[in-house]
Amino acid sequence: METVLGLVFHAHGLAAFRAAARTLSGVRLEFVTYQREAEIRPAVAQLLAGQHIDGLLLGLVPYTECRDLLPPELQIAVTKPVALDLALMFCRAQARGWPLTPASIDTFDTETVDEVAAALGADRDRIAVLPYAATSSATEITAFHREFQDKEPGACVLTLRTAVARELGGTRLVTTDQVVSTIRARLHELVLRIESERANAQRFTAGVFLLSTRDGAVDLDRARVRLLNLLVQTSDFADAWIENRDRRGVVVFAHHALFERITDHWVSVPVLGHAETALGFRVVAGFGVGASARNCVLLAERAAARAEAEGVSCGYLIEDSGVIIGPMGRSQPALAFAYRAHTAELEALARGAGLSTVTLSRLAALEKTLHGKAIAPSDLADSLGITDPSGRRLIRKLLASGLVRSDGTAQNHRKGRPTRLYRLAIGDAVEAVSGREL
């Protein structure tokens with residue numbers, strides 16, 4: 001299957017992006033260039049409406065301009081300025097006979113400027129920095145540079161914003177294209193992510209749907225036939241293999257992608273509600289993802305047993321990697337809050353914390369429902385459908401990454417040690433990353 005990538009960048013960077021893409025094979029590239037920022041949004045909208053795109057590579061400004069247009073399933077990579085870009089800009093200034101300082105710099109984060117200034121032996125006290133912020137306009141950035149020039153006449157301006165460069169054309173101005181190797185790395189990372197997602201979607205998965213025997217006497221044979229017919233007639237299962245499991249239920253075999261679709265990425269199992277309404281008794285579901293059909297079914301059986309213990313119609317997922325997701329309700333729960341607007345930031349935070357983006361997204365959704373209230377590790381585990389030990393391990397990871405804060409203790413029982421409480425701080429971390437890098 002051909003991979004189609006969209007590349008969105010300023011027209012002056014065309015040569016660098018073409019050079020970076022030469023090492024890719026089996027990929028079709030759709031270039032979207034612009035001269036002015038006002039052109040970005042309609043151009044991206046036209047690209048997305050005109051054809052299927054597997055992934056999109058774009059810079060900070062294009063991402064800010066069109067982030068709300070991007071479909072949730074689209075893989076995104078944002079090119080960000082790195083230390084090498086800034087070092088080359090300083091070298092370009094010196095090649096023109098200009099001193100390293102004084103200088104004013106926009107778009108780069110403060111940590112990068114500190115690192116490069118120290119490496120070049122530049123006087124950091126004579127460098128002004130305005131990190132990228134989605135809300136900063138070209139006019140505000142231009143004003144920042146001019147204000148510094150009033151304090152430091154003859155100061156050098158290092159900018160990556162073409163609109164700013166046009167306004168400051170008569171000054172000591174340095175601008176540059178992004179380094180080809182940086183673009184190439186982001187391109188390769190994006191392609192690998194798309195291929196990994198495709199491979200995961202083709203993994204073998206089993207679903208076990210069981211009639212609960214906890215609701216009293218049920219004619220299992222008759223009920224199982226009715227459940228089988230209901231699943232067969234459900235359009236979502238048109239591409240699945242469905243067969244009798246035993247007297248209590250049926251087993252469904254399909255690709256991972258099909259089950260992800262019918263569960264809204266492992267959030268809810270609407271077919272359980274339909275089954276309970278149509279059949280008049282409780283049905284639970286278990287899903288298993290493994291290396292073989294036998295392994296998938298064994299995991300799905302364990303997941304179904306866990307779902308039955310909940311006492312309501314729900315579902316669980318167990319993967320051979322040890323991941324457990326659940327309980328998934330019959331309909332969309334409140335925890336399904338969409339954090340799509342911060343996908344790039346969440347991905348960065350997840351990598352830093354050693355967690356999956358899905359887990360961090362669920363935690364971000366949970367934080368929204370808590371409204372600042374502290375939570376115990378066991379309550380966190382219950383909310384995510386994981387074991388208490390897994391909840392405690394997750395808290396330790398979040399603490400190490402600054403994504404939760406200790407918030408006192410609670411004495412739930414007269415005897416025993418108090419329970420530590422924690423306050424999720426993912427929203428603050430997302431805003432910090434957005435302000436520093438975007």
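Let me start with strand β9 (residues 204-211), which pairs with β12 in the antiparallel sense over seven bridges. Two strands count as paired here if DSSP finds at least two bridges between them. Helices (H or I, at least four residues) and strands (E, at least two) are DSSP runs, numbered from the N terminus.

Before going on, the sources. This is a predicted model, so local features need pLDDT of at least 70 and side-chain atom pairs count only at pLDDT 80 or more, while totals for chains, interfaces and linings use all residues. Residues are numbered from 1 along each chain as its sequence is written, and side-chain values use heavy atoms, with hydrogens and water left out.

Back to β12. V208 stands opposite G286 in this strand. On β13 (residues 315-319), the residue opposite G286 is Y316. The pairing of β12 with β13 is parallel, over five bridges. Between these two strands the chain crosses through helix α12 (residues 293-308), and this β-α-β crossover is left-handed. The convention: with the strands pointing away from the viewer, a crossover is right-handed if the path from the first strand over the helix to the second runs clockwise.

How enclosed is strand β12 by the rest of the structure? Seven of the seven residues in β12 (residues 283-289) are buried, so the strand is largely enclosed. Buried means under 20% relative accessible area, exposed means over 50%, and partly exposed is in between, with a 1.4 Å probe and protein chains only. In a regular strand the side chains alternate between the two faces of the sheet. For β12 both faces are covered: V283, A285, F287 and V289 are buried on one side, and V284, G286 and G288 on the other.

Strand β1 (residues 3-10) and strand β2 (residues 27-34) pair in the parallel sense over eight bridges. The chain gets from β1 to β2 through helix α1 (residues 14-21), and that β-α-β crossover is right-handed. L7 has F31 as its bridge partner in β2.

Next, cavities. A cavity is a set of points, on a 1 Å grid over the protein atoms alone, where a 1.4 Å probe fits but cannot get out; lining residues have an atom within 4 Å of a point. Grid points are joined across faces, edges and corners, and a volume is the space filled by probe spheres set on the points. Searching the whole structure gives two cavities of 30 Å³ or more.

T107 is in strand β5 (residues 103-107). Its phi is near 80°, a positive value in a residue other than glycine. T107 counts as buried because its relative accessibility is 7%. The T107 side chain makes a polar contact with the side chain of D106, at 2.7 Å. A polar contact is a pair of N or O atoms within 3.5 Å; within protein, one must be able to donate a hydrogen and the other to accept it, and residues adjacent in sequence count only if both atoms are side-chain atoms. Not counting residues up to four places away in sequence, T107 touches L60, P81, L130, P131, Y132, L160 and R161, where contact means heavy atoms within 4.5 Å.

T159 sits in the loop between β7 (156-158) and α7 (162-167). With 0% relative accessibility, T159 is counted as buried. A polar atom of the T159 side chain lies 3.0 Å from the backbone nitrogen of R161. Beyond residues up to four places away in sequence, T159 touches several residues, including M89, D106, H145 and V164.

There are cis peptide bonds to report. One joins T101 and P102, with omega about 5°; P102 is in the loop between α4 (83-95) and β5. Another joins G326 and P327, with omega about -5°, and P327 lies in strand β14 (residues 324-328).

Last, A240, in the loop between α9 (220-232) and β10 (241-246). Is A240 buried or exposed? A240 is buried, at a relative accessible area of 17%. Leaving aside neighbours within four places in sequence, A240 is in contact with V252, F253, A254 and L258.

How values were computed: On a 1 Å grid over the protein atoms alone, a cavity is a set of points where a 1.4 Å probe fits but cannot get out, and a pocket is an open set with protein on both sides within 12 Å along at least five of seven lines; lining residues have an atom within 4 Å of a point.
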